[in-house]
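Biologist: Could you take one part of this model and go through it closely with me, starting with how you sort the residues? I'd like the packing partners spelled out, and then whatever else you find worth a look along the chain.

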Amino acid sequence: MSPPAPQLAAVTSQTVKTHCPYCAFQCGMEVTRLHGTTTELRIAADPDFPVNRGQMCIKGFTSGALLDHPRRIRQPLLRQPSGQLAPVSWSSALDFIAERVLALQRAHGHGAIGVFGSGALTNEKAYLLGKLARVTLRTPNIDYNGRYCMSSAAAGQNRAFGIDRGLPFPVSDIAETDTLLLWGSNCAETMPPIMQWVYAQKERGGRLIVVDPRLTDTARSAALHLQLTPGTDLLLANSLLALAIEQGLVDEPYIAARTEGWDELRRSLLTCDAAYVERVSGVSLDQQRRAVDMLARAERSMLLSGRGSEQQSKGTDTVLAFTNLMLALGKVGKPASGYGCLTGQGNGQGGREHGQKADQLPGYRYIENSEHRAAMAAFWGIAETSLPGKGKSAYELLDAIGPSGGIRALLVFGSNVVVASPNSKHIESKLRELELLVVCDAFENETSEAAHVILPIAQFGEEQGTLTNLEGRVILRERVQQAPAGVKTDLEIICELSQRLGVTRGFEFDGPEQVFEELRRATAGATADYSGISYARIRQEKGIFWPCPAPDHPGTPRLFADRFHFPNGRARFSAVPHRPAAEPPDADYPLLFTTGRYKEHYNSGAQTRRVAELNEAKPEPRVQIHPRLAQELGVLDGQALTIESRRGSVSMSALLSRDIRPDTLFAPFHWGGKLAANILTVPALDPSSRMPEFKLCAVRARSATAQGGPKRAK
Ligand code: SF4
C-alpha cells in the first residue's frame, strides 16, 4: 500500500480549526500548538462554527490530553505463549494477523471472521472497513457499536419517512420552535452546548417539555416534566396521540394529503385508556393533556428523542409512536417542527451510512436489495455473487463467538465492546473463546485484555477525516499535528491488512481525501448521496448537509418540506401497540434499573477515564437512589450499595437524591471491571433494530455495609 501522505498542508499557522473527538454535536474547536511544539496544545471552542457557536463542554476542552498521554500505545503488542503482551514490529503483527485469518478462513469459511466497527470512526474508515469485510474478507459478519446507540431511531425513521437522518433540520431550528419536547434525552449533561439553542427557544417565549424518569438538569429547565416509569415511553406516546384524537387536535387535511395508514393507526388507538396509562406510566392524565395541548396548539412544535426512549427492546416502535404523533399533528416537514433524533456518537450518523452495519452498503444501500448489491458490486469491480449477505447484529455477533456460534476471529476498530455491551460479563467470557482477537486502539482497555494483537492507532488531531454530525451535516476533522512514531492510522491498517490477505486493488490510497473521493462516488444516486461533497467545499461552507448529489448542489439542510422519501412521497403511520419490558420487576428482582451518562465521561470511558481532569471530577460511578428506598435498605449517602440482576452484581456508592423515582436505580455505564453497569443489563433485543434493552432491567439491592446482615428490597 501507499501510506497516506502527510496532510499537514492543511496547517497554515499554529492554530487549526478542527472538531472534538467525542459526541455527535461535533463542536468546532480551535487547536493551537504552543511554541510550535507537538506537545503543548491550547484548545478553544470555535466561535464561527454554526453548531456550537463558541461553546464546548469539559470533554472537548480537555481532549488534547489524549494525544501526548503517557499510557498511549506506541508499538504493536503481540500476546506471547507466556500470556504476556510484548512489543513487535508492524510487519510481524500484520503478518501474524493475516496468517491466522487465512488459516481460520480455510478451516471454517469466510463467515468465521467477524469485524466490529464504531460510531467514532470517520466516514472514510467506516467505508473502507465495510469494503475490507465484504470485498477482502468476504464475511457477512460486520457490525458496529452504533447498533447500541441510534439503531432504533434509524429503523423507526426509515419506516415512517423512508430515510434516516438524525435531525431533518439544522440544530438552529430548535431556537425557532414554539414547543420543544425532549423525550429520553438529558442533553444538558450529554451535549451541553446544545442548550444554547434550547435557552434561545425559551427566551423567544417557547415552552419545553421533558419526558424522563429522572429529574435531570435538562428536566429542571422544562415547563412540564413527565417523570414516567422506565419502559412506558411507548404506552405514553400512544396515549398522547389518542388524547389528541379525542380532543380533535389532529391535522386531518395534512394527514389526508401527506400520509398513509391513518385508519389502521386510529383503530389501534381506540382501546387506549388514559387512566390505565396514568396508572402504569405514573404520568397523570392532566399532565398528558397539557403535553398534547402544548404540542398540538403551538404553530411550531418539535419532538426530539434520545437514548432513554430508544435503548429498549421496543425502541423502534417507540420511535414510530413519536413519528405517528408528530405526523398526526401535522408538524413534520413544516418550519422548525417535526421529529428528530439526537444522535450520540461522534459519527453515529455517518457510521451507519457507509457500510459497517450488518445490513448496509455505502450510501445507505441495503445489502439484501438486489439493485443495491449490483450497484456496489459493479462499483467495486467484483461479482455480485461474491458479496456476502446480511450479517449478525452487534450483540448477536459477539454472542456467536466460539465453536457453537461460528465466529473464530474478531477485528475490533474503535470500540470497547466489553464495557459497551449488555450482559457484559458474558461478552467478556466470549472474547476469551476467540482464536484471534485484534484490537486497534490508542490505549489498552477492557476489551484488549483478551486481545492476541493490539495495534496502536493515530487519534483525532493526528489524521484527517469527515464525520456526519447529528444534523446530517458532513464536517471535516482536520489534522493538527503528526502522529507519534510507531502508530498507524486505521486506514493504513485496513489497507496493509487487505494487501496481506491478497487483495491489493482498491486498497491503495494516498491519504484519507482519496478514500473520501471514492466514497463520494460510491454513494452517487443512493439515499445518503455524498457525491457533490468535497473536502474543499466542506472547508468553505462549514459543512454540507446530505443529500448533496452534485458539486453545484447546495446540500439539503431541511428534509420533508414537500415529500417523504417513498415512491408516493407520503409518510407512513404504523400501529404500534404497547408491550411490557423484556424483564419486568418481580418478587425476586423488584426494582427497575436504568443507565445513562455523566457529562465528564464519554461512552465506555476508554478515552475520558484517561484524562486526569475528567477522572478527578468523576472518579467513579455512583448509583442514584431515592432517600425513601435508601432508608428501606439501610444505606446512607456514600455507602456501598450492591445491586444484583439475574446476570451479575455490582457495588457502587449510593448517591441519595429525590430526583429519581423510589422504584428505580440509575447508574452511569462509563466504567468497566467490577463497576460496569452493563454487568446488570439484559440483552433482550428489539426485533427490528436489534437494539438491546439497556434502559431497563429488574434488579434487587442491598446495603453492602449494613450491620446485622444486609437488608434487601423485595
Ligand atoms: S463532547 Fe460533544 S458537546 Fe462536548 S465538546 Fe465534544 S462535541 Fe461538544
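Modeller: Sorting first: Ala, Val, Leu, Ile, Met, Phe, Trp, Tyr, Cys and Pro count as nonpolar, Asp, Glu, Lys and Arg as charged, and the others, Gly among them, as polar. By that scheme, the shell around the ligand has seven nonpolar residues, two polar ones and one charged. Its members are Cys20, Tyr22, Cys23, Gln26, Cys27, Met56, Cys57, Lys59, Gly60 and Pro193, where being near a molecule takes a heavy atom within 4 Å of it.

Some ground rules. This is a predicted model, so local features need pLDDT of at least 70 and side-chain atom pairs count only at pLDDT 80 or more, while totals for chains, interfaces and linings use all residues. Numbering runs from 1 along each chain as its sequence is written, and side-chain values use heavy atoms, with hydrogens and water left out.

For the close look I'd pick helix α8, residues 233-246. Helices here are DSSP runs of H or I with at least four residues, strands are runs of E with at least two, and both are numbered from the N terminus.

Take its pairing with α11 (residues 274-281): the two axes come within 10 Å and cross at roughly 155°. Because of that angle, α8 counts as roughly antiparallel to α11. The cut-offs are under 35 degrees for roughly parallel, over 145 for roughly antiparallel, 65 to 115 for roughly perpendicular, and oblique for the rest. The axes themselves are lines fitted to C-alpha atoms, for helices over the stretch in contact, with angles from 0 to 180 degrees between N-to-C directions. The α8/α11 crossing is left-handed, meaning the near helix is turned anticlockwise from the far one by less than a right angle; clockwise would be right-handed. On the α8 side you'll find Leu235, Leu236, Ser239 and Leu243, and they meet Ala274, Tyr276, Val277, Val280 and Ser281 of α11; contact means heavy atoms within 4.5 Å. That set splits into seven nonpolar, two polar and no charged residues.

Now turn to α14 (residues 315-328): here the axes are 9 Å apart and the angle is about 15°. That makes α8 roughly parallel to α14, and this crossing is left-handed. Asp233, Leu234, Ala237, Asn238, Leu240 and Leu241 are the α8 residues involved, against Asp317, Thr318, Ala321, Phe322, Asn324, Leu325 and Ala328 of α14. In this contact, eight residues are nonpolar, three polar and two charged.

Leu228 is buried, at 1% relative accessible area; buried means under 20%, exposed over 50% and partly exposed in between, using a 1.4 Å probe and protein chains only.

Next, helix α6 (residues 195-203), whose buried residues are Met195, Gln196, Trp197, Val198 and Gln201. They pack against β8 (179-183), α5 (187-190), β9 (207-211) and α7 (217-220). Just after α6, Gly205 has a positive phi of about 100°.

Another buried loop residue is Gly355, at 1% relative accessible area, between α15 (348-351) and β14 (360-361). Beyond four places in sequence, Gly355 touches Ala126, Gly130, Arg134, Ile142, Gln360, Leu361 and Pro362.

Lys542 has a positive phi of about 55° although it isn't a glycine, and it sits in the loop between α22 (535-541) and β21. With 37% relative accessibility, Lys542 is partly exposed. A cis peptide bond joins Trp546 and Pro547, with omega about -5°; Pro547 is in the loop between β21 (544-545) and β22 (571-572). Arg690, in the loop between β28 (682-685) and β29 (692-693), has a positive phi near 65° and is partly exposed at 24% relative accessibility.
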